[in-house]
Amino acid sequence: MNNQEFNIGIATDTYKFGFSDPEKSVFKTQKGLSETVVRQISERKNEPQWMTDFRLRSLKMFYKKNMPNWGADLSKINFDNIYYYVKPVDAQGRSWDDVPSDIKNTFDRLGIPEAERKFLAGVGAQYDSEVVYHNIKEELAAKGVIFVDPETAVRDYPDLVKEYFGTIIPPADNKFAALNSAVWSGGSFVYVPKGVKVDIPLQAYFRINAQNMGQFERTLIIADEGSFVHYVEGCTAPIYTTDSLHSAVVEIIAKKDARVRYSTIQNWSGDVYNLVTKRAVAYEGATVEWVDGNIGSKITMKYPSVYLMGRGAHGEVLSIAFAGKGQHQDTGGKVVHVASDTSSVITSKSISKDGGRAGYRGLMKVHAGLHNIKSHVVCDALILDEKSRSDTYPYIEIDSNDVSIEHEARVSKISEEQLFYLMSRGLNEHEASMMIVNGFIEPLIKQLPMEYAVELNRLIELEMEGSVG
Amino acid sequence: MAEQMEFKIENLHANVEGKPILKGVNLTMRTGETHALMGPNGSGKSTLANVIMGHPKYEVTEGRILVNDINILDLEADERSHLGLFLAFQYPVEISGVTVTKFLKRALESKYAAASNGKRFQAKEFINELRENVEFLDLDMKFVNRYLNEGFSGGEKKRMEVLQMLMLKPKFAILDETDSGLDIDAIKVVSKGVNKLKGPDMGTVVITHYQRILNYVKPDYVHILYLGQVVTSGGPEMVTLLEEQGYDWVKEKYGELQAA
């Protein structure tokens, strides 16, 4: 089959494949969580004993840990009513007709290509990016970059995995990190060798199949000395899922003078609990930047963090949250200064509308006995109506003296004066508030890659119209 | 030359937070005319400007505002703008993150969309016109890449209002104390902008406390607003009268009327 045929035939072929015989190809663990379920997952993946043990240890940890009670309301999560593993190919045993029409409409308006739509909607299981992105993969391989799913990494690069997996976010970190460690499936494993600069953003859907769209995905990025990589997680299209819990773990190691940028814009459907732990360590002279946009989900709790471990390390977190009707976005960022001569910036912008609730929760911590620490934290909240809410919880723990910290927090409402001003120039009320919202997030949007910025703007426009589920 | 249009305020009463401010204002203006609306502080000048443009904070309790016999009081501010009304604000607000260019582009796009006369927004034409007007107002092109009114000096904000007017080319422009807080050079620049559009196709109301700007923007008619009413009107000679005698005589003569 040549490439052209492939591109044309792809969507319908896979659709037929997935639809014609869904039951035979489905493998699910039983509902709920147990040692048996965890063992089954590990078996299905043909994992070595050390990973099975890691999972089982994590499960114990999950049972031991309390639910976090300091943030959003998680009391409605029923752990017994969730499938923890659905064999990826077969998870797609859903027809295009079952995808809600609002999500289809959004795909339309975002201009997502047909093949990708089905993939994103969980229909096109065999959306084989292998061919489409063949050249990219060859280029990466030539530079020695490893970019595979973590299952492959466990099989083919066990030494690297053993050395780093679970070291930045150990299972004991929190209940949901423990859960992910026990049942993880899919995600990405990236290794960038010394001095290699990856000049195109790595995107999860460059890879072979839908595994990375799992609900318990696991990502580990190791940037060796002096290297650079920009990783883009998922995509901004709404991700459709039938289960209501997404709990991922992302670990990043930036070695001496390396730079890693990690961008996410999540747009889970409105019934999803999105509870994600993301943490990076930056060694001497290294830089880690998180760009984290949260548009969808029912509840999100996510605070990407950076530990600055060596002189000259720099960490940045850019967080954008949009909380519409029925949504609670509890997001922010954490920076921990462990070494002297380190600097950090946290910028957070949140918008709440139609009764939505957006919170900034951040930590700025400086260990004892350090010098020349600089940190700048800005959190701005925009509240669009009386029903909506914004909270700010900035935690600051400083145990050194030679520290320069700026912290700014602003909460603003769209004022009648601003709306009137813009409307008096001919913009209708919706256009006027859209313009104010766009202006509010503009400083952050400017820092995103072009296509990403365009998509985010469109998404927020859709949210403002209330047409995204 | 387009057909002449008429703008008419009839017995207008308006409240702010329940308090009556306008108490029966009458005023008629046609395109091609320049009117000055003067009066002591607190007489209701800015309230009148905001009511004309449709600020939701003001409640009209009686009267009508007609543009070519269409009562505009039920229209939103954007619809009034599309009819050709323009208000140069006394205190323009800041809109963070929105550049002057982006804002003007959107405003013009919506103007053309509403006009439905077949004329479409042309980016190239827009940029040329913008450049021309920016230079005309002695501004730098860097100005149009700044966020709308954010960090602008008082003079820049007023010039920004005039720039918008030049770009939108209204039928009726109300300038609410556009001269306040400006030095004489800035007043000259602002006046130059107004005079550029003055002509048979535009009616202008210059609201001011002082006569200075009226040395540069010559009014055909002068009205004095006091205690929520137009108490007297006349020709340009009234400007000199007010210059020489201030508002005391107005207060004496019409204050009693109001009190009675």
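Let's start with a crossing: α4(B) passes α5(B) in a right-handed crossing, where right-handed means that the near helix is turned clockwise from the far one by less than a right angle, and left-handed means anticlockwise. Helices and strands here are DSSP runs, H or I over at least four residues for helices and E over at least two for strands, numbered from the N terminus. This is a predicted model, in which local features need pLDDT of at least 70 and side-chain atom pairs count only at pLDDT 80 or more, while totals for chains, interfaces and linings use all residues. Residues are numbered from 1 along each chain as its sequence is written, and chains are lettered from A and ligands numbered from 1 in the order in which they are written.

Back to that helix pair. Helix α4 covers residues 123-136 of chain B, and it packs against α5(B) at an angle of about 140° with the axes 10 Å apart. Axes are lines fitted to C-alpha atoms, for helices over the stretch in contact, and angles run from 0 to 180 degrees between N-to-C directions. α4(B) and α5(B) are therefore oblique to each other; under 35 degrees counts as roughly parallel, over 145 as roughly antiparallel, 65 to 115 as roughly perpendicular, and the rest as oblique.

Which residues in α4(B) and α5(B) meet? From α4(B) we have B:Glu129, B:Leu130, B:Asn133 and B:Val134, and from α5(B) B:Leu163, B:Leu166 and B:Met167. Contact here means C-beta atoms, placed from the backbone, within 7 Å. By class, the contact of α4(B) with α5(B) has 5 nonpolar residues, 1 polar and 1 charged. Nonpolar covers Ala, Val, Leu, Ile, Met, Phe, Trp, Tyr, Cys and Pro, charged covers Asp, Glu, Lys and Arg, and polar covers the others, Gly among them.

In the loop between α4 and α5 of chain B you will find B:Asp138. Its phi is positive, near 55°, in a residue other than glycine. B:Asp138 has 13 C-beta neighbours inside 10 Å, so it counts as partly exposed. The cut-offs are 20 or more other C-beta atoms within 10 Å for buried, 12 or fewer for exposed, and partly exposed in between, with C-beta atoms placed from the backbone.

α5(B) has another partner. It packs with helix α6, residues 184-197 of chain B, at an angle of about 10°, with the axes 10 Å apart. α5(B) and α6(B) are therefore roughly parallel to each other. Among the residues making this contact are B:Val162 and B:Leu166 of α5(B) and B:Val190 and B:Val194 of α6(B). The contact of α5(B) with α6(B) divides into 8 nonpolar, 2 polar and 3 charged residues.

Now to α1 of chain B, residues 45-53. Since 8 of its 9 residues are buried, this helix is largely enclosed by the rest of the structure. B:Leu48, B:Val51 and B:Ile52 are among the buried ones. After α1(B) comes B:Gly54, with a positive phi near 95°.

You can find B:Asn68 in the loop between β4 (58-67) and β5 (70-71) of chain B.

How do the two chains meet? The contact takes 24 residues from chain B and 19 residues from chain A. On the chain B side, α2 (77-83), α3 (100-115) and α5 (154-168) each supply at least two residues. α3(B) gives the most to that side, with 5 residues.

Over to chain A. There, 8 strands form an open sheet with parallel pairing, in the order β3-β5-β8-β10-β13-β15-β17-β19; strands pair if DSSP finds at least two bridges between them. The edge strands, each pairing on one side only, are β3 (202-203) and β19 (403-413) of chain A. Within the sheet, β10 (287-294) and β13 (314-323) of chain A pair in the parallel sense over 8 bridges, and A:Asp292 stands opposite A:Ser319 in β13(A).

Last stop, strand β2 of chain A, residues 187-192. Buried or exposed, what are its residues? In β2(A), 6 of 6 are buried. On one side sit A:Gly187, A:Phe189 and A:Tyr191, and on the other A:Ser188, A:Val190 and A:Val192. β2(A) pairs with β1 (146-148) of chain A in the antiparallel sense over 3 bridges, and with β4 (218-223) of chain A in the parallel sense over 6 bridges.

Technical notes:
Two residues are in contact if their C-beta atoms, placed from the backbone, lie within 7 Å.
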